[in-house]
Amino acid sequence: MYSEMKSALQKPTRKYTYREVDESEVISALEEIFVIRPQSLRNICKHFVDELTLGLKEDGHTLKMIPSYVSHRPTGKETGSYLALDLGGTNFRVCEVYLEGDSKVRLTQKKFTIPDYAKCGQSDVLFDFLADSVLTFITENHIPTESDIPLGFTFSFPVNQTAIDKGYLMVWTKGFDCKDTINKDVVALLNEALARKNVKVHVTALVNDTVGTLMSHAYNDPGTYVGVILGTGTNAAYVEKVSAIPKWKGGPVESGEMIINCEWGAFDNERVVLPFNKYDQKMDEESTNPGEQTFEKMISGMYLGEIVRQVIVELVQRRILFGGVSSPEIETPYKFETAYMSRIERDHTSDLLDTKMVLQELLNIPYPAPRDRRIVRRICELVATRAARLSAVGVAAVVTKMERVEDGCTVAIDGSVYEHYPHFGNRMKDALHELLGMFEENVNIVLGKDGSSVGAGVIAALA
């Protein structure tokens with residue numbers, strides 16, 4: 001055993017001795033694990049629709065299906081100046097959203113970074129910091145404050161929302177831990193901090209980022225019925241008939257519709273239909289929240305690079321890749337970033353020189369042979385294509401649930417994976433075609449940039 005380990009760790013020469021495993025055999029075996037056939041796509045989609053329906057019936061199901069209290073979509077004719085505060089992590093934005101009517105928007109924004117002491121201290125420290133930032137923004141941009149300015153608050157943490165301007169924090173994520181904020185109304189906390197600082201701003205709407213994406217795009221295109229985030233994490237929101245929400249206890253709704261925040265990252269935590277394989281399993285076990293956010297872990301930017309790394313590590317251990325020689329970087333969880341996958345998939349050189357550079361310089365693999373580079377590139381393609389196809393299943397399920405397959409609608413998607421990962425949108429379209437046939441053309445998928453900020457302003461205008 002010792003001598004085997006010793007030989008495996010010795011620095012290789014440029015001539016590797018591979019186990020006699022044909023490259024096409026390796027790739028075929030991986031395709032068997034990662035490729036989702038059309039019939040499987042349809043099965044997953046059917047189960048997804050069932051789960052969406054269950055979540056609307058009563059609380060306590062896998063998909064939370066949270067009513068957003070946003071019941072009117074914009075016409076594009078709304079006008080006025082509104083503020084938006086977009087808190088999704090360490091960096092947050094304060095924006096002035098100026099609605100010009102005629103579906104046109106002007107956006108002025110400034111980014112701020114929350115210091116560590118505010119992320120993990122008392123809640124008033126954090127909210128005072130947010131209020132100070134709003135004051136800085138108003139002062140720098142000479143925004144008049146004769147009367148209270150309405151502000152839309154995009155808050156991308158789990159809240160139990162009970163009104164358009166009321167939501168109780170359920171749990172902190174993303175490195176935040178102000179313990180005395182749990183079960184408190186975050187709108188009230190921000191309004192109190194603004195009052196303490198004598199800032200003439202009043203929070204009129206609490207907004208989830210997916211709802212914001214939907215509303216922002218609906219201001220330009222009234223046919224927008226779905227908002228999706230495909231970035232570090234993933235989620236979706238869509239327009240549902242109030243009559244189809246048995247658990248709604250908020251009384252009559254004039255418009256008859258309500259935007260629902262699906263919280264779809266948790267889809268199939270029970271592992272009934274998703275093609276969850278041994279690499280997903282290992283990544284999930286080593287994650288900070290094993291057994292949770294199953295769908296998110298298969299499609300979002302936080303995890304895709306880690307799935308690729310798990311595959312590479314196993315192939316190195318079996319001496320199929322890199323002559324069995326690993327590196328500390330390859331052995332470190334999350335060190336293989338999704339951005340590396342993106343770069344590798346963009347490498348169209350005949351001998352994959354950019355892929356070689358990623359492996360050699362960023363991941364310290366001494367000599368990635370051409371065969372190794374081709375296999376790594378195919379792993380990236382397989383993992384990313386599966387993610388795009390599963391994302392399309394989510395979209396198809398939501399459009400099917402809304403009964404808009406034939407009438408069609410626009411789906412606005414924001415997030416770094418959809419915007420920057422090569423071929424992601426086209427792979428989604430291919431899968432939608434397999435799921436919806438000729439009706440795929442009715443589902444218009446578009447990029448909805450800066451949706452969460454502009455959307456918060458639009459919702460503040462309607463509140």
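1. Helix H3 crosses helix H14 in the right-handed sense, where right-handed means that the near helix is turned clockwise from the far one by less than a right angle, and left-handed means anticlockwise. H3 covers residues 38-57 and H14 residues 370-401; their axes come within 8 Å and cross at roughly 50°. H3 is therefore oblique to H14. The axes are lines fitted to C-alpha atoms over the stretch in contact, with angles from 0 to 180 degrees between N-to-C directions. Angles under 35 degrees count as roughly parallel, over 145 as roughly antiparallel, 65 to 115 as roughly perpendicular and the rest as oblique. Helices (H or I, at least four residues) and strands (E, at least two) are DSSP runs, numbered from the N terminus.

2. This is a predicted model, in which local features need pLDDT of at least 70 and side-chain atom pairs pLDDT 80 or more, while totals for chains, interfaces and linings use all residues. Residues are numbered from 1 along each chain as its sequence is written, and side-chain values use heavy atoms, without hydrogens and water.

3. An open sheet of 6 strands has the order E1-E11-E10-E9-E12-E13, with mixed pairing. Two strands pair if DSSP finds at least two bridges between them. E1 and E13 (443-447) stand at the edges with a single partner strand each, so one side of each has no neighbour in the sheet. E13 is joined to E12 (residues 409-414) by 5 bridges in the parallel sense, and Cys409 lies opposite Val443 of E13.

4. Strand E2 (residues 79-87) pairs with two strands described here. With E3 (residues 91-101) E2 runs antiparallel over 9 bridges, and a hairpin of 3 residues connects E2 to E3. Thr79 has Glu100 in E3 as its bridge partner. With E5 (residues 149-155) E2 pairs in the parallel sense over 5 bridges; here Leu87 is opposite Phe155.

5. The whole structure holds 1 cavity of 30 Å³ or more, and the largest cavity has a volume of about 150 Å³. A cavity is a set of points on a 1 Å grid over the protein atoms alone where a 1.4 Å probe fits but cannot get out; lining residues have an atom within 4 Å of a point. Grid points are joined across faces, edges and corners, and the volume is the space filled by probe spheres set on the points.

6. The lining of the largest cavity comprises 16 residues, with Val159, Gln161, Val207, Asn208 and Asn261 nearest its centre. Strands E1 (66-67), E6 (159-163) and E8 (201-207) each give two or more residues to this lining. By class, the lining has 11 nonpolar, 4 polar and 1 charged residues. Ala, Val, Leu, Ile, Met, Phe, Trp, Tyr, Cys and Pro count as nonpolar, Asp, Glu, Lys and Arg as charged, and the others, Gly among them, as polar.

Technical notes:
1 Å grid on protein atoms, 1.4 Å probe; cavity = no way out; pocket = protein on both sides within 12 Å on 5 of 7 lines; lining within 4 Å.
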